[in-house]
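Please examine the model shown here together with its sequence. The account that follows is intended to be read beside both.

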Amino acid sequence: MEYEENIPLTKEDLEKIKRILKGKKFEEFEIHPHFYRNKFTGMLNKTARHNIDLEELKKIYEKRDTIKKGFKRKGKKGNKYTLCYEESTNIFVKIGYLLDENPPKIFQAMRIYRKLEKAVSKRYGISI
């Protein structure tokens with residue numbers, strides 16, 4: 001499987017995405033099957049792939065002021081956006097969005113137990 005490179009969003013692009021999200025209710029998003037797909041078998045699970053259920057996801061989604069960093073990469077129908085919501089000094093949540101589709105979709109949500117700044121600088125060589 002070939003992955004496209006994640007491109008860090010500029011501050012302006014990140015603000016634009018935050019405005020788009022602010023204008024949408026969580027219920028307007030469709031949950032993509034990938035959100036439930038088992039990464040080893042490819043089968044669909046009844047529970048979320050990364051243990052963040054929809055109720056918790058909605059609470060995180062509504063904390064748009066905690067979005068600290070974002071990335072985009074090419075998808076089949078536009079761009080895939082990954083936004084990093086900072087929960088605490090050592091924990092952040094990555095939520096993946098397909099904003100160019102109608103209806104827009106959420107395809108993943110994953111909690112990372114690491115400082116956001118450290119994770120971004122190690123992976124991309126940039127500071128936030």
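The structure is a predicted model, in which local features need pLDDT of at least 70 and side-chain atom pairs count only at pLDDT 80 or more, while totals for chains, interfaces and linings use all residues. Residues are numbered from 1 along each chain as its sequence is written, and side-chain values use heavy atoms, with hydrogens and water left out.

An open sheet of 6 strands runs in the order 1-3-4-5-6-2, with mixed pairing. Strands (E, at least two residues) and helices (H or I, at least four) are DSSP runs numbered from the N terminus, and two strands count as paired if DSSP finds at least two bridges between them. Strand 1 (7-8) and strand 2 (30-31) each have a single partner strand and stand at the edges, so one side of each lacks a neighbour in the sheet.

Strand 1 pairs with strand 3 in the antiparallel sense over 2 bridges, and here Pro8 stands opposite Phe71 in strand 3. The pairing of strand 3 with strand 4 is also antiparallel, over 8 bridges, and these two strands form a hairpin with 2 residues between them. Within this pair, Lys69 lies opposite Cys84 in strand 4. Strand 4 (residues 78-88) and strand 5 (residues 91-98) are joined in the antiparallel sense by 7 bridges; the bridge partner of Cys84 in strand 5 is Lys94. Helix 1 (residues 11-22) packs on the sheet and touches strand 3 (67-75), strand 4 and strand 5, its direction making about 90 degrees with that of strand 3. Such angles run from 0 to 180 degrees between N-to-C directions, with axes fitted to C-alpha atoms, for helices over the stretch in contact; contact means heavy atoms within 4.5 Å.

The loop between strand 5 and strand 6 (105-112) holds Pro103. A cis peptide bond, with omega about 0 degrees, joins Asn102 and Pro103. Most peptide bonds are trans.

A nonpolar core is a set of buried Ala, Val, Leu, Ile, Met, Phe, Trp, Tyr and Cys residues joined through side-chain atoms within 4.5 Å, where buried means under 20% relative accessible area (1.4 Å probe, protein chains only). The largest such core has 22 residues, and Leu21, Leu57, Leu83, Tyr85, Ile95 and Tyr97 have the most contacts inside it. Helix 1, helix 2 (54-61), strand 4, strand 5 and strand 6 each supply at least two of its residues. A second, separate core of 5 residues includes Phe71, Cys84, Phe92 and Ala119.

Methods: Buried < 20%, exposed > 50% of the residue type's maximum accessible area, 1.4 Å probe, protein only.
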